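Subject: The structure we talked about

Hi,

Here is the structure for you to look at. Open it up first, then read my notes below.

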Amino acid sequence: MSVPVVLLGPQRFDPTLGEAVRELGIDGPIATITAGWQEREPEDGELHEHLGKRTVNLKLYARTDDVWKRDPELRTAHRTRQDRLRHKQDFYRVRLEHELEAAFVIQTRTAPHEILDEEHDFSIRALQELDEAHLRQCRAEKERFDARWKPTTREAIARHRDELRQILARCAAVAIAGGHVATLLNRLELFGMDELLAGKPLFAWSAGAMAISERVVLFHDTPPQGPGAAEVLDRGLGLVPHVVPLPHPDQRLRLDDKERVGLFSRRFAPALALAFRNRTRVTWDGNAFVNAHGVERLAPDGGLERHARWSVEGRGQGESLVLAPGVGAPSESARSSLVDMTGLVPGSSGEGAGG
Amino acid sequence: MKKRPSARPSGRSRSSAGGLSSPERALTASEEIDLFHGRLAIKELEENKPSWDAVNRFLASHSFPLVEGPSVTFVWRGEAEAVNLRHWVYGLESSQALTRIGGTDLWYLVVEIPERSRVEYKLEIHQNGGSRWIEDPLNPNRARDPFGANSVVHGLGYEIPSWSKHDPLSRPGHLEPFGFESKALGGQRRCLLYLPARFRRSRQYPLLVVHDGSDYLNYASMKTVLDNLIHRLEIPDCVVVFTDSPDRLREYANDANHAKFLTEELVPDLERRLPLIGRPHARALLGASFGGVASLSTAFRYPGFWGRLLLQSGSFAFTDIGKHNRRGPLFDRVVEFVNAFRRHPNALSEKVFVSCGVYESLIYENRSLVPLLQSTGMQVKFVESRDGHNWENWRDRLREGMSWLFPGPLMMIYE
C-alpha cells in the first residue's frame, strides 16, 4: 500500500489538519514546509500549536537564501531560467486568452447540435494541446537547467539536502502549507524534495496541494483585471496524481456558471478538478481518492459532484478516471479506507465518466 | 436622465426606422415612464386622491427615493411654497420642481436615472418666503465630503462595492502621522504613512503618493480599500503616503514647488527610510480633481520618474482657441499647463489610469485627454462611471485603477 497523501481545504481560519493527522494515526514529529509564506516562513507558531507542538520546520525558504549566498553563480543561472519561464508564461497567456475567447464564442453560437458538440470538443482539445505544449516548454527549460547546473549535487544544496534527509528520517509525516505557489514550487524543486518526501505521509493544503500535484493550475474567474483565464503554471512535484486542487472555490470560481465549470472540468480531464472549501479534505491512497470530506468535483456538465471516493481505472496509456460505485456513500474513516483499499479493484462501470 | 431607449413595449405603432409612425401627440415624460414600467406607485397614489392616512401608509410601506426600474421617485412631506430637487448632474437642470399631490402635503418628482448610477442631491425647501437646502429626511443614504453631506440615490443595479466596506478578515495596515520639513514649500507638511499589515523591512514595496490624502481617507474609505485590496491579493503590499495641502488650488495647479517637494524631497527621503523598490514602475501618484492636475503636472515636470498615475476626474481645463477659459481665473494656471501639454504631449509616465463620471462637466476634458495620452505610447486605461464629481465616485474606481497600475499576486497566492 502506498503512503497516503491528504489534501485539505484552507487552514487559516478553521484548521482541520490536526484532525486529519489524528485520523491517520500519525505518531511522532511532523516536518512542515511553509516556504510559500516567503519571509513569514518562520511565523509558524499557530501551526506548531495546532499540531501539538511536534513540528519541525524544514525552512526551505531560508535555506534557499543561504544557497543563493553561497552559490551566486547558481543564483544567477536560476534567475535567468526564471526570467525565461516568465516570458514563456506571458506568451502562453496570450495564446490561451485567444483560445478561451474562441471557446466561449462558439459556446454561445446557434448551430446544429452535433456541429456545436464537435466544435466544443475541438475547443477543449485545442486548450489541452496548448497547456501541454506550455508544460513541455517549462520542462525543457528545467531539464536544460538541471543538466547544465546539476543543482542537487552542488555543495551549497547538497549539504542542505543531507540535513533535510536527516530531519525527515526522524519525522512521521510532512505538512505542506499554502502561500505563493511559484515560490513554494521553486523551493521544493531546488532541493529535490520529490525524492526526499518519497515514502512519507503528506498533508498539503492550498498552494501546498497545488505544488505536489502533477500540474499547477492558476485560477481566478473574476480578477479585477483581465479575462480570468485559468492557466497552467508548470509541472508540480507529481506526488499526488489525477487531481487539480482548487482552494477557495467560492472566492475564486464562478461555480454557478455551468459553462465555465464544465469547460474547466473537461479541459483538465482526466484529472479531477476538486474544489476545496474550508474543512474539506480527501486522501490519495496510491490507487484512489478516498475518505472525501466535503470535497466537490467540477463536473463536465458544469455541475458540482460530491462523492466519498473516486478510484482510478486503467494505467499508463489511455488512462482514465471513473467514479467508483457507491457514489454519495458516507465517508469512511481514512484508516479503515486505506486498509480496505488494499488490492482495490477499480470501479468497473462507466458511470459518471470523467472523460 | 437618459435618452429614451429605442425598444418600446407593444401597443404603439412604430415605423421601421424606429420613429413614431403616426402624427400622434408627443408623450409626456410621465406617460413615457408609465409605458415603460407600468404604473408607478406614486401615480397610483395620486390617482386615488389619497387621504392623510393613505399618505402615511404609502410612506411607511416604501423606502425613498423609490426606485422602480429606471424611474426614481423623490418625495418630501410638509408644508411649503415650493420644493426642488437640487443636484450636480451636468447636462440636467440643476433644480427640478417637485409636484404637490392635491389635498395632501406630499410632494414628489419622478426622474429617470440610468442603471448603476449614483446621484448625490439635496432638497430645496421654500417656506415663509425663504429657502433652505436639506438632506432628504426619508433617505438614510448619505455621502460625506469636506463641505458636509449629501443624500444619495442608487440607481437600479448600483451597489456599494464590498471591497470598500470593513472586512473583519482583512488584516489592517497601519497609519502613522509624520511631519516633513519642505524647503521647496517653505515649511512643515503633515503626512500620513500607510504601511501594509505584515510590513517587513526585508521586503521591497511600491509607493503610492496621494493628493488630498485626508479626504481620500475620510470620504473615500481609502484605508479600508487598501486593507481589503491587499487582503484580496488584488494589489500588492504597498506603502502609501497621504499628503495634504493648505492651499491646494494654488499648489495643485501645476506648481513647480509642489512637484519639487514630492519628487526631490519627499520620495528620496522615503526611499532612504523605507524598503521601497525605488524605480519608476513602483512609484505612483494619485489625485482627484485639482489633485489629478497636480499628479499629471508633477509627472510632466519630472518625466520618467513617476511610472504610474491614477487621475480621477482631473480638472484638465484647456482652450482650443484663445485664452479665455469658462471656468474662471482659478483655472488659469491649469489651462496654461494643459494647453502646453496638449501642444507637446510626451510620455511622462508608463501607465496612466484615468477615470471620470459622466455626470460631471469634466467628462469633456477627461475624454479629450485620453487620446492625447495614448498618442505618446504610454499605456492608458480610461473608465467612465455614472456618477458625479464626488468622493464616493473616486472611491468606487480605486479597485480598478490600483489593480491595473499595481497588479496583485492574486493568481499566485493560495493561502
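A quick definition to begin with: a residue is called buried if its relative accessible area is under 20%, exposed if it is over 50%, and partly exposed in between (1.4 Å probe, protein chains only). Please keep in mind that this is a predicted model, where local features need pLDDT of at least 70, side-chain atom pairs count only at pLDDT 80 or more, and totals for chains, interfaces and linings use all residues. Residues are numbered from 1 along each chain as its sequence is written, chains are lettered from A and ligands numbered from 1 in the order in which they are written, and side-chain values use heavy atoms, with hydrogens and water left out.

Let's start with chain A.

Now for where the chains meet. On the chain B side, 20 residues are in contact (heavy atoms within 4.5 Å) with 29 residues of chain A. Together the two chains bury about 2100 Å², meaning the accessible area (1.4 Å probe) that they lose on being put together, summed over both. Of that area, 53% is on carbon and sulfur atoms.

There are three salt bridges between chain B and chain A, where a salt bridge is a side-chain nitrogen of Lys or Arg within 4 Å of a carboxyl oxygen of Asp or Glu. Arg203(B) and Glu39(A) make such a bridge, at 2.7 Å from N to O.

In S19(B), Ile413(B) is the bridge partner of His180(A).

Over all chains, the structure holds 59 salt bridges. One of them joins Glu19(A) and Arg279(A), with the closest N and O atoms 3.5 Å apart. These two are 260 residues apart in the chain, with Glu19(A) in helix H1 and Arg279(A) in the loop between strands S10 and S11.

What about Glu251(B) and Arg250(B)? Their side chains meet in a salt bridge too (3.8 Å, N to O); Glu251(B) is buried at 2% relative accessible area, whereas Arg250(B) is partly exposed at 40%.

How values were computed: Pairing = 2+ DSSP bridges. Helix = DSSP H or I, 4+ residues; strand = E, 2+ residues; numbered from the N terminus.
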